[in-house]
Amino acid sequence: MASRRINRITRFNVTALALGFAFLYLPIVILVIYSFNDSRLVTVWGGWSLRWYREFFNDRAMLDAAWMSLRVAAVSATIATILGTLAAVALTRGERFGGRMLFSGMLYAPLVMPEVISGLSLLLLFVALDAGRGFWTVTIAHTTLTMCFVTVVVQSRLGQIDRSLEEAAMDLGCNPAQAFLSVTLPLIIPSIAAGWMLAFTLSLDDVVIASFTTGPGSATLPIRIYSEVRLGVKPEINAICTMVIALIAIVITAASFASRLSRVQGESAAPL
Amino acid sequence: MSARRIFARPARFAAIAPYLWMVLFFLVPFGFVLKIALSQTAIAQPPYVPVFDFMGGREAITAALEQLSFDNFKLLVSDDLYILSYLRSLTVALVSTAILLLIGYPIAYGMARLPQRWQPVAMMLVIVPFWTSFLIRIYAWINILQHDGLLNTVLLKLHLVSAPLVWLSTDSAMYIGIVYSYLPFMILPLYATLAKMDVSLLEAAADLGASPRQAFWQVTVPLSLPGVGAGALLCFIPIVGEFVIPDLLAGSDAMMIGQTLWLEFFTNKDWPVASAVAVVLLVLLVAPLLLYERLQHRQLEAR
Amino acid sequence: MAEEIQKSEPELERAAEPAKIEPPVVAASLPIKLEPDMPLLRIEAVAKKFGNFRAVDHVSLDVRAGEFFALLGPSGCGKTTLLRMLAGFETPDEGRILLGGKDIAHVLPHERPVNMMFQNYALFPHLSVRDNIAFGLKRAGMARVDIETRVAEMMALVRLEGMEKRKPDQLSGGQRQRVALARALARRPQVLLLDEPLAALDKKLRESTQRELMELQRRLGMTFIVVTHDQEEAMTMASRIGVMDAGRLDQVATPRDLYEAPASRWIAEFVGDINLFEGQPGAAEGGRLAVSTRDAGTLYVTEPRKALKGAVSVAIRPEKVKLSRRAPAVDEANAFNRLEGTITDVSYLGGQTTYKVKLDSGATVSSTMANTTRIVDAYLAGQRVVAWFTSDDCLVLDQ
């Protein structure tokens with residue numbers, strides 16, 4: 001569709017979007033700036049400094065938590081991506097099957113389910129199974145939550161793919177599995193990658209579910225940040241947060257580069 | 001049999017692993033929540049009785065079953081603390097959703113009416129904060145809202161106030177935090193419906209004599225209602241159970257139900273009551289959850 | 001158009017000549033030895049329902065090797081479903097589909113020596129032109145060298161040399177159409193199925209592509225089955241046409257027979273324009289039948305071979321209705337039908353002009369006349385004219 005008269009820059013557009021984006025971005029920008037503030041007080045600008053970054057790298061407990069979080073995020077995102085992609089394939093290509101409603105229900109509910117409920121229920125399961133709490137229980141919990149997001153992302157892409165492409169592949173000699181691997185999979189790879197990154201960042205972000213399912217001595221970074229934040233603002237936290245934001249920014253940029261390189265037509269970079 | 005069915009059989013095999021996973025880690029745990037909600041607190045490990053001993057044979061299980069009771073639910077009804085928490089949660093969620101709609105709609109509308117080539121950029125700008133850590137974004141507001149924080153500094157400099165105001169630990173701070181965190185969830189579904197709306201419908205309305213304002217209220221708004229519903233549910237349901245935002249930004253005099261559950265579980269170590277709170281919360285959310293599922297279903301599977 | 005129709009039969013003969021290209025390599029997985037007089041493809045009482053909707057209702061059809069066959073019908077008539085059953089994307093509920101004598105009705109698509117060109121082309125967006133064409137050859141386990149040769153051969157065949165590395169989104173509509181064709185032809189299928197192959201092209205391109213398709217089919221000696229809703233397209237390209245309506249195959253005929261001897265009133269109206277006069281048949285005399293019509297008095301038609309029962313329609317194509325200012329002299333041998341009326345509408349179409357003549361009874365007759373001279377405007381609206389046609393040019397159709 002060509003740009004119609006109605007799609008244009010107006011005073012209303014610009015005002016609404018400027019205010020909206022200012023609201024969304026200003027707090028983060030302020031946080032990043034203050035992470036370089038030499039002063040301990042937020043009101044006082046003590047000059048640019050990397051003091052709080054040094055402090056973080058000397059904080060053994062924080063470093064351990066960060067390492068734990070990265071491992072949980074990487075492992076859970078990977079399992080979630082595999083399971084979520086399989087679920088998306090079953091939902092978009094499986095037509096009707098027994099328990100389909102239950103299946104899709106179980107996959108959509110966690111998207112909005114209050115985290116306290118998911119966290120509590122998983123903890124009770126782990127206690128009942130007498131599973132030692134730590135890395136694996138948090139990883140399983142995060143996988144359960146994030147695979148639902150992966151499913152939605154991949155499912156919406158699969159739904160856009162013209163089914164006649166798969167028919168053409170079969171017509172040219174592919175059995176269904178070959179048709180999927182040689183035609184469908186290459187087309188959904190960018191959305192699978194987007195799903196992985198979404199799962200990774202969601203895991204890196206979670207406090208509530210991790211608090212329920214983790215054990216002593218295996219706190220994740222958000223849990224540590226959270227317990228520090230409850231005691232008030234600490235400039236070191238600003239520095240940690242800035243680094244997390246930088247990490248996520250790098251991941252997103254890499255992803256958009258990757259999807260641009262693959263140059264798949266009609267692919268939208270939007271995760272939701 | 002059709003081509004779709006040729007594909008369907010292997011596709012169904014793909015469901016097996018995620019299906020089993022979700023049954024084990026999503027469905028079954030609710031059974032445990034229900035069971036423990038019917039148990040009694042105990043100073044033990046785990047901190048409740050009865051503990052089912054499946055090795056103990058039939059009598060042991062029957063004996064354990066007899067110990068289950070509705071005492072925890074009676075407590076929830078009799079103690080004001082819980083009822084007030086539930087009510088506060090619903091109120092906060094309702095008010096927040098209304099504010100989100102009021103702020104999110106103009107932004108989504110503004111985005112959908114941008115020239116085509118700017119729309120993906122605006123979309124990215126809405127999504128990026130959603131990727132950045134939620135906890136960090138709440139924390140960013142503490143920086144701004146604290147006693148000697150940026151907001152008070154600016155207000156004092158502008159001579160709008162004579163003494164620093166108390167922002168942190170108030171409901172205003174909590175609402176700011178909630179609206180800030182959930183805004184992308186409101187904007188994205190709204191934008192999706194507004195952007196795919198056929199512009200020629202508005203042109204037709206104008207052609208038939210509607211002013212832009214009339215066209216907006218009589219064409220755009222009714223057609224965007226599915227997006228409004230999706231956005232509202234996507235925000236309302238998780239806000240009801242929200243814990244981190246009220247815990248960090250609101251005062252401690254009134255609690256939302258997520259905080260109450262947390263308190264019972266972590267501070268009071270009363271797992272059975274915490275489970276009962278969760279069961280009731282889930283029951284409250286069943287209707288909006290089902291509604292949300294239907295919307296999701298229609299959006300993702302009706303192609 | 002008349003010229004093309006006359007061409008179609010000799011074309012069929014030429015098409016049946018032995019193929020100039022070496023025998024199929026890929027499709028040899030299902031070797032087909034045809035007995036003389038045996039059709040390559042035989043569809044036997046095939047039926048398919050979607051829920052309660054009869055998409056295909058017991059269709060039987062034979063297609064000979066080397067034919068260019070068109071399935072013609074309005075949208076929703078079942079022609080695409082029938083084509084998809086030939087490709088294997090749908091399985092018939094009843095009936096058999098015999099390819100070279102073997103029932104393939106329940107063979108999976110990837111195991112059939114049949115390829116399809118999709119309506120939207122279904123080119124793989126992530127693969128280059130070369131890889132799209134090589135796709136089916138790789139599946140068949142062809143050697144790398146042979147694949148290269150075959151791809152080059154196909155690229156030359158559809159005149160796409162130099163485009164090997166392009167992605168589908170870097171091609172024009174016409175180029176995409178040719179890639180889709182090359183991809184489907186590369187496996188040398190026993191039958192090539194084409195689903196509305198020209199629908200996405202603009203008019204000019206469509207005409208040249210029609211000629212190319214015919215030329216290609218003749219050179220390869222391959223059997224083409226094309227589905228189309230465009231009767232002109234079907235008439236131009238096909239050696240035989242099957243007309244479908246509501247899941248049934250109503251008539252199978254050469255383009256000429258379909259136009260000049262439609263089997264039913266519905267087909268007569270669907271294929272081209274026609275004037276219809278309802279009436280009761282009277283007595284036959286000297287090989288001519290008198291039909292007394294409501295709107296045009298008594299019309300004389302050449303006596304049809306088959307017996308008529310009850311009410312009939314006399315049908316006459318507009319280009320066979322001539323106009324003149326006064327009634328032509330009576331020629332006993334031809335038994336003119338003459339209708340007087342007033343011209344109400346003149347549609348100038350360039351090569352020809354269509355006149356609407358309102359008869360005194362109130363009915364309207366269309367007449368199309370070729371504009372054989374540049375300047376003269378033959379008739380004007382409001383003019384009194386006589387519309388006339390011979391009994392040989394009339395058709396009699398059951399109501």
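In which sense do strand β15 and β19(C) of chain C pair, and over how many bridges? Strand β15 (residues 322-324) and β19(C) are antiparallel and share three bridges, where two strands count as paired if DSSP finds at least two bridges between them. The structure is a predicted model, in which local features need pLDDT of at least 70 and side-chain atom pairs count only at pLDDT 80 or more, whereas totals for chains, interfaces and linings use all residues; side-chain values use heavy atoms, with hydrogens and water left out. Residues are numbered from 1 along each chain as its sequence is written, and chains are lettered from A and ligands numbered from 1 in the order in which they are written.

Within β19(C), C:Trp388 is the bridge partner of C:Lys322. Strand β16 (residues 337-348) of chain C also pairs with β19(C), in the antiparallel sense and over six bridges; here C:Leu339 has C:Ala387 as its bridge partner. Strand β19 (residues 384-389) of chain C is largely enclosed by the rest of the structure, because five of its six residues are buried. Buried means under 20% relative accessible area, exposed over 50%, and partly exposed in between (1.4 Å probe, protein chains only).

The secondary structure of chain C comes to nine helices and 20 strands, taken as DSSP runs numbered from the N terminus (helices H or I, at least four residues; strands E, at least two). Of the 399 residues of chain C, 51% count as buried. Among contacts in chain C with a separation of 6 or more, 67% are between residues 24 or more positions apart, a contact being heavy atoms within 4.5 Å.

An open sheet of chain C has four strands in the order β2-β1-β4-β5, with antiparallel pairing. Its edge strands, each pairing on one side only, are β2 (53-63) and β5 (102-103). Strand β1 (residues 41-50) and strand β4 (residues 94-99) of chain C run antiparallel and are joined by five bridges, with C:Ile97 in β4(C) as the bridge partner of C:Ile43. Helix α2 (residues 79-87) of chain C lies across β1, β2 and β4, at about 120 degrees to β1(C). Axes are lines fitted to C-alpha atoms, for helices over the stretch in contact, and angles run from 0 to 180 degrees between N-to-C directions.

Another open sheet of chain C contains six strands, ordered β6-β7-β8-β3-β9-β10, and its pairing is mixed. The edge strands are β6 (114-117) and β10 (248-253), each of which pairs on one side only. From one strand to the next the twist averages 20 degrees. Strand β3 (residues 68-72) and strand β9 (residues 240-245) of chain C run parallel and are joined by four bridges; C:Leu72 stands opposite C:Val243 in β9(C). Helix α5 (residues 173-186) of chain C lies across β6, β7 (191-195) and β8 (223-228), and runs at about 175 degrees to β6(C).

A:Phe23, A:Met106 and A:Val112 supply 7% of the area that chain A buries against chain B, more than any other three residues. One salt bridge is counted between chain A and chain B, a salt bridge being a side-chain nitrogen of Lys or Arg within 4 Å of a carboxyl oxygen of Asp or Glu. The side chains of A:Arg230 and B:Asp247 meet in a salt bridge at 3.1 Å, N to O. Helix α1 (residues 11-35) of chain A gives the most to the side of chain A that touches chain B, with 14 residues.

In helix α7 (residues 163-171) of chain A, A:Glu166 is buried, with a relative accessible area of 2%. Not counting residues up to four places away in sequence, A:Glu166 touches A:Arg93, A:Ala179, A:Thr184 and B:Phe7. Helix α13 (residues 257-267) of chain B is largely enclosed by the rest of the structure, because eight of its eleven residues are buried. The buried residues of α13(B) include B:Trp262 and B:Phe265. Just after α13(B), B:Lys269 takes a positive phi of about 55 degrees.

Between chain C and chain B, eight residues of chain C are in contact with four residues of chain B. The area buried between these chains is about 420 Å², of which carbon and sulfur atoms give 57%. On the chain C side, C:Phe89, C:Thr91 and C:Leu108 lose the most area to chain B, together 63% of what that side buries.

Conventions. Buried area is the accessible area (1.4 Å probe) that two parts lose on being put together, summed over both.
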